[in-house]
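Subject: A structure to look at

Hi,

I am passing on the structure we talked about, with some notes on what turned up in it. Please have a look when you get a moment.

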Amino acid sequence: MKIIITGGAGFMGSNMIRYLLRTYKDVEVVNFDDLTYAGNLSNLSDLDLDPRYSFVKGNISKREDVEALLSKGADVLINYAAETHVDRSILDPDAFVQTNVMGVHNLLEAVRKFSIPRYVQISTDEVYGAVMEGESDEQSRFEPRSPYAASKAAGDLLCHASAVTFGTPVIVTHSVNFYGPYQFPEKLIPLFTTNLFDGKKVPVYGDGLQVREWIFTEDHCRAIDLIAQKGNIGEAYNIGTGHRMPNIELIQQLLKHTGRDESSLEYVLDRPGHDRRYALNSQKLRTELGWEPKMRFEEGIAQTIEWYKQHPEWIANCKSGAYKDYYESQYKHKGHSV
Ligand code: TYD
């Protein structure tokens, strides 16, 4: 079984690669990644010597890169490659359209051209927009409100259209917020945890009462694995845990775990267009495919914070970009295709 993970050097992609190699003996995993700011091969340095794993440098928004990759064939393609940070999409939306729209279009076209039998597109609950009450299910309207969410929604719609028009074997997944080891320190949990360790103040947007739903990486990996194997082609699946809370409640837990108090919090101007609440209905995945989240939030957040505590070098090098330079030179040296 050959599985291509695009965006495999990022947080979720690298966790998925590690999950697949740990779970299956006879699997070949190709990591295709352009090593942009959030792509970090040190996330996978422990796998360098595993003969089942290989790395190819490339960008999904370049058609020639995608065709070179998929022309070699694969059983499954899982696309994690994306621009994912809402704040960046407000500052520079261009990159989001390039990667999240053109990149997905290129993948869909190459999947058709080279007859790849299964393509799983990783997407987000943010496409449904703010849900003030109740939950979004797979039939809910797309009402994206940030350039990030709009670019993901556009990619998802291209997947849907390609499945309907051409019979492209694509499945789209919408997930709640991820957390766990190796998340780039621009997102709430790693940014706050690492800054609190250093005694720095952390910026709470607006009143901090925005609600997010959280899933631990391993639970998400299991869901994607199941969907890749048993999901219905042409359909979408929500992946949620029901574990929802206002940001400030989560931030209180981060303060407790890092030994800090409220004086570390700085209430700052709210993010423009900040979605007040997300909430996913994930009954379809649970009843049709039998998936359940296993990690309790309190346990998962404790493990995650402990991981950041044990990896100060990873954090420092991520923040300075040092890992990227080091690994690019290492891979050049080893004759890989960086
Ligand atoms: P984030 O991790 O950026 O994920 P998303 O915006 O995709 O949900 O943010 C999670 C929540 O935390 C979101 O409501 C915005 C808020 N937030 C802050 O209050 N301060 C921050 O510095 C960041 C990065 C996020």
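Which polar backbone atom does an oxygen atom of the ligand lie 2.9 Å from? That atom belongs to tyrosine 205. Before I go further, please keep in mind that this is a predicted model.

Side chains reach the ligand as well. Glutamate 126 places a polar side-chain atom 2.5 Å from an oxygen atom of the ligand, and asparagine 247 has a polar side-chain atom 2.9 Å from a ligand oxygen. As for how much of the ligand is covered, it exposes 510 Å² when taken alone, and the protein buries 96% of that.

The shell around the ligand has 17 residues, of which Glu126, Pro203, Arg212, Arg271 and His274 come nearest. Sorted by class, the shell holds 7 nonpolar, 5 polar and 5 charged residues. Helix H6 (188–197) supplies at least two of the shell residues, and so does strand S8 (202–205).

Now to a pair of helices. H2, spanning residues 63–70, packs with H4, spanning residues 94–113, at an angle of about 35 degrees. Their axes are 9 Å apart, and the crossing of H2 past H4 is right-handed. On the H2 side, the contact is made by Arg63, Val66, Glu67 and Leu70. H4 contributes His105, Asn106, Leu107, Glu109, Ala110, Val111 and Lys113. Taken by class, this contact between H2 and H4 has 5 nonpolar, 2 polar and 4 charged residues.

That is what I have for now.

Best wishes

Methods:
Residues numbered from 1 in each chain as written. Predicted model: local features only at pLDDT ≥ 70, side-chain atom pairs only at ≥ 80, totals over all residues. Heavy atoms only, no water. Axes fitted to C-alpha atoms, helices over the stretch in contact; angles between N-to-C directions. Helix = DSSP H or I, 4+ residues; strand = E, 2+ residues; numbered from the N terminus. Left-handed = near helix turned anticlockwise from the far one by under 90°. Contact = heavy atoms within 4.5 Å. Nonpolar A, V, L, I, M, F, W, Y, C, P; charged D, E, K, R; others polar. Near = heavy atom within 4 Å. Polar contact = N/O pair within 3.5 Å; in protein donor to acceptor, adjacent residues only side chain to side chain. Areas by Shrake-Rupley, 256 points an atom, 1.4 Å probe, with all protein chains shown as cover.
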